[in-house]
Amino acid sequence: MKKLLFAVGCQDLYGEEVIKKVTDDGKRIGAFLDGRIKDVVSIEFRSTILSSDQVVRLMNEANADEDCVGLILWMHTFSPAKMWIKGLQILHKPLLHLHTQSNERIPYSDIDMDFMNLNQSAHGDREFAFILKRLGIKHKTVCGFYQHESVVSEIREFAEVALAIDYSKNLNAACFGNNMREVAVTDGDRVQSQIDFGWEANYYGIGDLVDLISQTTESETDAKLKEYSLKYQFSTDRLESVREQAKYDVALHKFIKKNHISAFTDTFQDLHGLRQLPGLAVQNLMGEGIGFGPEGDYKTACLSAVLMKMSEKRDGGTGFIEDYTYDLTQNQELELGSHMLEVSPKLASDKPRIEVHPLSIGGKEAPARLVFNGIQGKGIQVTMIDLGSSFRLIAMEIELIKAKDMPKLPVARLMWKILPSFREGTEFWLENGGGHHSVISNCLTLDDIRLFAKLTNTDLVVLPSNLKN
Ligand code: MN
């Protein structure tokens, strides 16, 4: 279980009784918050901090503990901030500054100086906030009584983003083949993305996969087909084609497990030894949370894996999409997003159908794929581009709608309104260099992306829609 460490700032001038009370409050508040978000991470109270040495020990523990995805700090009393400098300088995990009190209300008839000395986060957290600012430490601040729903939900959001960052820092991606020839936006500086986000995106020959496919047994393939029949609806009698994809799926599964892979890419220009472009196989893996980027797009593969992790405990769908074509009816403009094959069933609003159709590109056999209508509701679209000097995240709000009937379209499809209007949203995307591959979600928000960008020090441009949920 991944965890957040929680520690409380104090100082030793107040005496044993106050320190004990601070520690008791820390334990109680930690246990309360743990109970509220333990489906995402556990929250473990660590200590009441009285000295620089203790801060350093806490930060060393947070850094070294593989299960620790971040730290929550709260100054119950005044806590001189110079003692935090040395430790904060070595912390390299996400930090949440919790600005709260153990009491919700002021006990007006009883309040005395002892009460004020004990419960002075309004004072102590300002001292702490100053040193965070002075040190330039990117962090999230959450203000309010710790039991209030708004506070709990902000801490939950931080936990989900911290979990995704931890996932990102340990993410291995397999690139079968290279970037599609001549394509610009899908390419990028893999050394820099590893430095910035932790992504170890390495090349593998498609032959490595073909070997595994050839070793797939009949019973492994049968078991995969059984799984498909439980999850999807068969709308084809070309079962050999589905069987071929099932073999790819089994082989990819083994490869992913063996090499600790969380995301992968392929390209239809390098399918030597494969009879079909992997379609259904890739879609089924995406449905299990594996990131994917087509045409060698390792950034989208990794970003989609990270954002799927971030949204894993939420209701809704998150996954890769490609901008395809528009309905430009004036003032009612709509976008249609899809891909050649590879759209995640996590983005489905109805039970996906397995269909087999020829592909007009690549010169291979007709591949099996999942066809479905997409999720609906308010959502976001987010992409990452490499500007040479830095990576940039671009994010905007959209409204996913029920797709129109398109009986001859042989792929999964999503339709949405670009917000706040087609003109404003599309101009924003294009002028910021947004590419045609992105991640779409109806359960992540711009705030999640803002926090991810802040904590990973990533350039971000966003276009809010002002549309209410
Ligand atoms: Mn594409």
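1. Let me start with a loop: P420 sits between β17 (414–418) and α13 (422–431). Please keep in mind here, and in every point below, that the model is predicted.

2. Another backbone detail to look at is E182, where phi is near 75 degrees. That is a positive value in a residue other than glycine. E182 belongs to the loop that runs between β6 (172–176) and α7 (190–197).

3. Now for the overall fold. The chain has 14 helices and 19 strands. Its radius of gyration is 25 Å, close to the 23 Å that the globule rule gives for 469 residues, so the chain is as compact as a globular protein of that length. Along the principal axes, the C-alpha atoms fill a box of roughly 80 × 55 × 45 Å.

4. How is the chain divided into domains? Domain 1 covers 3–169 and domain 2 covers 172–466. Taken over C-alpha atoms, the centres of the two domains are 38 Å apart.

5. Next comes the interface between them. The size of an interface is often given as the accessible area lost when the parts come together. Here domain 1 and domain 2 bury about 1700 Å² between them, and 62% of that is on carbon and sulfur atoms. In terms of residues, 16 from domain 1 are in contact with 22 from domain 2.

6. What about polar pairing across this interface? Nine residue pairs are in polar contact between domain 1 and domain 2, counting pairs with both residues at pLDDT 80 or more. The side of domain 1 that touches domain 2 gets the most from helix α6 (residues 149–169), which gives ten residues. By class, that side has eight nonpolar, two polar and six charged residues.

7. Side chains of opposite charge can pair when their charged atoms come close. How many salt bridges are there between domain 1 and domain 2? The count is one. As for individual pairs, R314 forms a salt bridge with E160, and their closest N and O atoms are 2.5 Å apart.

8. Over the structure as a whole, the count comes to 31 salt bridges. One of the pairs is E149 with R36, with the closest N and O atoms 2.8 Å apart. This pair links distant parts of the chain, as E149 is in helix α6 and R36 is in helix α1 (residues 16–37), 113 residues apart.

How values were computed
Residues are numbered from 1 along each chain as its sequence is written. This is a predicted model: local features need pLDDT of at least 70, side-chain atom pairs count only at pLDDT 80 or more; totals for chains, interfaces and linings use all residues. Side-chain values use heavy atoms; hydrogens and water are left out. Domain bounds come from an automatic or database domain assignment. Contact means heavy atoms within 4.5 Å. Buried area is the accessible area (1.4 Å probe) that two parts lose on being put together, summed over both. A salt bridge is a side-chain nitrogen of Lys or Arg within 4 Å of a carboxyl oxygen of Asp or Glu. A polar contact is a pair of N or O atoms within 3.5 Å; within protein, one must be able to donate a hydrogen and the other to accept it, and residues adjacent in sequence count only if both atoms are side-chain atoms. Helices (H or I, at least four residues) and strands (E, at least two) are DSSP runs, numbered from the N terminus. Ala, Val, Leu, Ile, Met, Phe, Trp, Tyr, Cys and Pro count as nonpolar, Asp, Glu, Lys and Arg as charged, and the others, Gly among them, as polar. The radius of gyration is taken over C-alpha atoms; the globule rule is 2.2 Å times the number of residues to the power 0.38.
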